[in-house]
Amino acid sequence: MRQLLPTPIDDPTDDQLLQAYAAAARPFVRFNFVSSLDGSAQLEGRSAALGSAADRRAFALQRRLADVILVGAGTVHAEGYGGPLVSEEDQQWRRDHGRSAHPVLAIVSRSLSIEPDAEVLRESPAEVLLFTTAAPDAAQRAAYPEHVQICRVPESGGGCDPEAIVQQLADRGFGFIHAEGGPRIFGQFSAANQVDSLCLSFSPRIVAGDGARIANDPREAVHEMQLNALFEEDSMLLADYRRREVR
């Protein structure tokens, strides 16, 4: 891998990559996506099929920095989120840096479609927060494992209100939010102006087909971003765009 920006570095170390991906602001909401050159966020129905070794390395390091990993229920159903979301090496790094071994998992499920016995809940080694607009009764809440909390938020734009989600996470001390999609969640957060960073990997492939874009929302929302860091390996470009500061 090469770091092209902000300073050219051949074969950057993990520490150098972590420094590039770090952020001081809190709350800080980062989204991570991969896209083909012709704009598809999917290959054979899954985003992972567009990735590469470099993309997976950067993705894992970004998770290291996260207080919470946020993902939509649709992505959970499509990609599978059972078990630990960080490796043993990453867990040790987190302990060494005064963090919990595992980031909290936050799942956005407007209709609370994640069943109490779902694998993602049963096998999670960390606390799970389910954000929903639904109003489960006491019996429904009690059906979920003890490490799972149901968090009600208002509805906005046909989904869970992104601003309320970010505020609730920040109130719990989870200020560094690493969001992994899918496109509907990203579109809603973009429309609500709740995106501070977009880490976008450009796969050197043209795939055609009818794969989704990385953002999906009927509302147009224009936010100026600036390139914070850029990496390359085997023609895969990995860009970190940050919200452009208004002066």
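User: In β13, which residue is the bridge partner of Leu-230?

Analyst: This model is predicted. Strands count as paired if at least two bridges are found between them. Here the partner of Leu-230 in β13 is Ala-239. That pair belongs to the antiparallel pairing of β12 with strand β13 (residues 236-243), which extends over 8 bridges.

User: How many residues lie between β12 and β13 in the hairpin?

Analyst: The two strands are separated by 2 residues, and Asp-234 in the turn has a positive phi of about 50°.

User: Which strand do 3 bridges join to β12?

Analyst: Strand β1 (residues 2-5) is joined to β12 (residues 225-233) in this way, and the two run antiparallel. Within this pairing, Gln-3 has Phe-231 of β12 as its bridge partner.

User: How does the reach of helix α2 stand against the expected span?

Analyst: A helix is expected to span 1.5 Å times one less than its number of residues. Helix α2 (residues 53-65) has 13 residues and reaches 19 Å from first to last C-alpha, close to the expected 18 Å.

User: Which residues of α2 are buried?

Analyst: Buried residues have under 20% relative accessible area. In α2 they are Ala-54, Asp-55, Ala-58, Leu-61, Gln-62, Arg-63, Arg-64 and Leu-65. Over the chain, 48% of the 247 residues count as buried.

User: Why does the radius of gyration of the chain agree with a compact globule?

Analyst: It agrees because a compact globule of 247 residues would have a radius of gyration near 18 Å, and the chain has 18 Å. Along the principal axes, the C-alpha trace spans about 55 × 45 × 40 Å.

Definitions and conventions
Residues numbered from 1 in each chain as written. Predicted model: local features only at pLDDT ≥ 70, side-chain atom pairs only at ≥ 80, totals over all residues. Heavy atoms only, no water. Helix = DSSP H or I, 4+ residues; strand = E, 2+ residues; numbered from the N terminus. Buried < 20%, exposed > 50% of the residue type's maximum accessible area, 1.4 Å probe, protein only. Rg over C-alpha atoms; globule rule 2.2 N^0.38 Å.
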